[in-house]
Amino acid sequence: MKQELKGFLFIILAASLWGLSGTVAKYLFNKAINPLILAEIRLSLAALILGLILFIFARDMLVINKTDIGYLIKLGVFGVGAVQFAYLFTISQTNVATAVFLQYTAPVMVAIYAVVFQKERLRWIQILSLLLALLG
């Protein structure tokens, strides 16, 4: 029961911080903060906090194979970095609702890429998942 309560509290904290982040970002953009700078600060703080937590509680998870370095760089720059920048840039130009809408359509865009360029076949469960993602 204690683990369930702990997990529940982490979910509430994560949802609250995520909901607050868009509003704070819009406030900062109204004060002329650049979306790229905010994305850099946000990702740097997240990496620092996660690295510190892993260093204290799970050092073995900080070990990276040399063969994974290229993949992790691409994931960090084009995956995490680009998504954060696109999210924050969208908020700076429009509003949080538009940015969230674009985030919810991201799985569909990834699926289209997988079908067109990776020649993957979508199973019925994946199609159902995509439809549910679009319903939000």
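A residue counts as partly exposed when its relative accessible area lies between the 20% under which it is buried and the 50% over which it is exposed. In this predicted model, Y113 is partly exposed, because its relative accessible area is 44%.

**Nonpolar core**
- The largest nonpolar core consists of nine residues, namely A25, F29, L38, A39, Y87, L88, I91, A99 and V100.
- At least two residues of this core come from each of α1 (2–30), α2 (35–57), α3 (69–93) and α4 (96–117), and α3 gives the most, with three residues.
- Leaving aside residues up to four places away in sequence, L88 touches A25, F29, P35, L38, A39 and R42.

**Helix α2**
- The 23 residues of α2 should span 33 Å at 1.5 Å a residue, which agrees with the 33 Å between its end C-alpha atoms.
- Its buried residues are P35, L38, A39 and L54, and they pack against α1 and α3.
- At the start of α2, the backbone nitrogen of L36 has a side-chain oxygen of N34 within 2.8 Å.

**Aromatic side chains**
- There are two aromatic pairs in the structure; in one of them, F85 and F89 are stacked, because their ring centres are 5.6 Å apart and their planes lie at 25 degrees.
- F85 and F89 are four residues apart in helix α3, and therefore separated by about one helical turn.
- The rings of Y113 and F117 form a tilted pair, with centres 5.1 Å apart and planes at 40 degrees, and both residues lie in helix α4, four residues apart.
- F117 is exposed, with a relative accessible area of 59%.
- The charged end of R59 sits over the ring of F55, 3.9 Å from the ring's centre.

Conventions:
Residues numbered from 1 in each chain as written. Predicted model: local features only at pLDDT ≥ 70, side-chain atom pairs only at ≥ 80, totals over all residues. Heavy atoms only, no water. Core = buried A, V, L, I, M, F, W, Y, C linked by side-chain atoms within 4.5 Å. Buried < 20%, exposed > 50% of the residue type's maximum accessible area, 1.4 Å probe, protein only. Contact = heavy atoms within 4.5 Å. Expected span 1.5 Å × (residues − 1). Polar contact = N/O pair within 3.5 Å; in protein donor to acceptor, adjacent residues only side chain to side chain. Phe/Tyr/Trp six-rings, centres within 6.5 Å; stacked < 30°, edge-to-face > 60°. Lys NZ or Arg CZ within 6 Å of the ring centre and 35° of its normal.
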